[in-house]
Amino acid sequence: MTNPQMVMYEEEFNQIQTIVDRVVREANAQVVFIIDKNGQLIAAAGETDQLDTTSLASLTAGNIAATGGIAKLLRENEFSTQFHEGERANIHIQLVGNRVILVVIFDNKTSLGLVRLRVKKASEELNSIFEALLSKVQDPHQNTPFAEITDDDIDNLFND
Amino acid sequence: MSFINYLSREINCKIVYYGPGLCGKTTNLQYIYNKTNPEAKGKMISLATETERTLFFDFLPLALGEIRGFKTRFHLYTVPGQVFYDASRKLILKGVDGVVFVADSQIARMEANLESMENLRTNLAEQGYSLDKLPHVIQYNKRDMPSVAPVDELRSLLNPQGVPDFEAIATSGEGVFDTLKAVAKLVLTELKRGGGAG
């Protein structure tokens with residue numbers, strides 16, 4: 001059985017966004033974002049204007065996937081944390097509940113220790129939100145907007 | 001595994017271009033990238049070696065338009081075609097919603113095509129997918145090369161199921177968008193059925 005479809009509703013999104021906003025503030029980070037393991041961006045906060053978040057999401061997911069592959073070869077379950085240190089920017093990547101990825105980008109205005117502390121707390125909270133979301137999604141045929149679309153709707157998309 | 005976001009009213013799907021080394025997967029994406037309006041595409045990322053062979057993947061985010069108020073976004077990925085990058089190929093198939101199998105029409109590459117198709121089946125099965133149930137199309141690329149196999153022969157070898165298939169010359173763009181539209185349509189039709197590959 002592969003992963004079920006990911007669906008995001010307003011209620012859960014708001015909860016997630018609150019956490020992401022808080023991590024930016026409390027960790028004194030530049031950017032915080034959450035993506036799923038397939039590279040889809042779920043939420044972002046901080047100075048995202050200058051960033052290509054779509055590309056970042058896809059590359060981070062690729063990174064996590066590659067690291068997961070290495071872990072498997074070493075008979076490890078996962079390497080759930082990654083940290084890359086640059087000259088100006090640092091990036092902390094945390095796998096949450098083996099399902100989503102919490103990414104924190106920060107500079108020298110804060111410290112790795114503080115980032116780790118905030119990430120740890122946020123991870124626990126995020127994990128329970130995504131678990132709840134999953135059980136909601138697994139409810140079979142919970143009215144997806146796509147149940148009502150017609151073949152014509154799909155055809156129209158390509159009539160350009 | 002598509003991602004439906006009710007808040008931003010978006011639906012995101014993942015399409016993977018698969019096929020043997022040098023069959024033109026990256027060229028397909030490059031052509032799509034070059035011919036798409038800037039507002040409908042994101043940056044194309046290529047993780048390639050110094051000799052421009054795909055090392056991990058190429059990535060191109062595309063917006064295709066709206067269906068019933070939902071923006072449809074497709075994330076196109078290629079896999080590295082070379083045989084020894086199998087571990088990376090498996091990773092990229094995770095969460096796939098649709099596959100484009102790009103075959104190299106040249107007679108000399110027939111075995112490589114078959115091997116890659118077999119590899120696709122194996123790697124999908126490892127993730128719990130079956131190619132027969134996953135939306136997919138086949139592209140017979142490089143039709144402009146001197147010694148190509150007839151399409152009927154390619155079809156009988158690679159497409160016994162009779163999924164939508166297309167002749168293409170990715171370098172000039174022939175067949176590239178037809179292939180993309182066909183797979184996108186299959187993916188959306190699958191979503192409509194309430195399935196999704198996952």
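**Close-up views of a predicted model**

**View 1. The hairpin of β3(B) and β4(B).** In this predicted model, β3(B) and β4(B) form a hairpin in which five residues lie between the two strands, and Glu52(B), found in the turn, has a positive phi of about 60°. Strand β3 of chain B, residues 45-48, runs antiparallel to β4(B) and is joined to β4(B) by three bridges. Within this pairing, Ser46(B) stands opposite Asp58(B), which belongs to β4(B).

View 2. Strand β4 of chain B, which spans residues 54-67, is mostly covered, with 10 of its 14 residues buried. Nine bridges pair β4(B) in the antiparallel sense with strand β5 of chain B, residues 70-78, and across this pairing Leu60(B) stands opposite Leu76(B) in β5(B). These two strands also form a hairpin, with two residues between them, and Arg68(B) in that turn has a positive phi of about 45°.

**View 3. The packing of α1(A) and α3(A).** In chain A, helix α1 (residues 10-27) packs with helix α3 (residues 112-138) at an angle of about 180°, their axes being 10 Å apart. Because angles over 145 degrees count as roughly antiparallel, α1(A) is roughly antiparallel to α3(A). Residues of α1(A) that make the contact include Ile16(A), Ile19(A) and Val23(A), while those of α3(A) include Ala122(A), Leu126(A), Ile129(A) and Leu133(A). Sorted by class, the contact of α1(A) with α3(A) has 10 nonpolar, one polar and four charged residues; among the residues in this contact are also Glu12(A) and Gln15(A) of α1(A) and Arg118(A) of α3(A).

Conventions:
Residues are numbered from 1 along each chain as its sequence is written. Chains are lettered from A and ligands numbered from 1 in the order in which they are written. This is a predicted model: local features need pLDDT of at least 70, side-chain atom pairs count only at pLDDT 80 or more; totals for chains, interfaces and linings use all residues. A residue is buried if 20 or more other C-beta atoms lie within 10 Å of its own, exposed if 12 or fewer, and partly exposed in between; C-beta atoms are placed from the backbone. Helices (H or I, at least four residues) and strands (E, at least two) are DSSP runs, numbered from the N terminus. Two strands pair if DSSP finds at least two bridges between them. Axes are lines fitted to C-alpha atoms, for helices over the stretch in contact, and angles run from 0 to 180 degrees between N-to-C directions. Angles under 35 degrees count as roughly parallel, over 145 as roughly antiparallel, 65 to 115 as roughly perpendicular and the rest as oblique. Two residues are in contact if their C-beta atoms, placed from the backbone, lie within 7 Å. Ala, Val, Leu, Ile, Met, Phe, Trp, Tyr, Cys and Pro count as nonpolar, Asp, Glu, Lys and Arg as charged, and the others, Gly among them, as polar.
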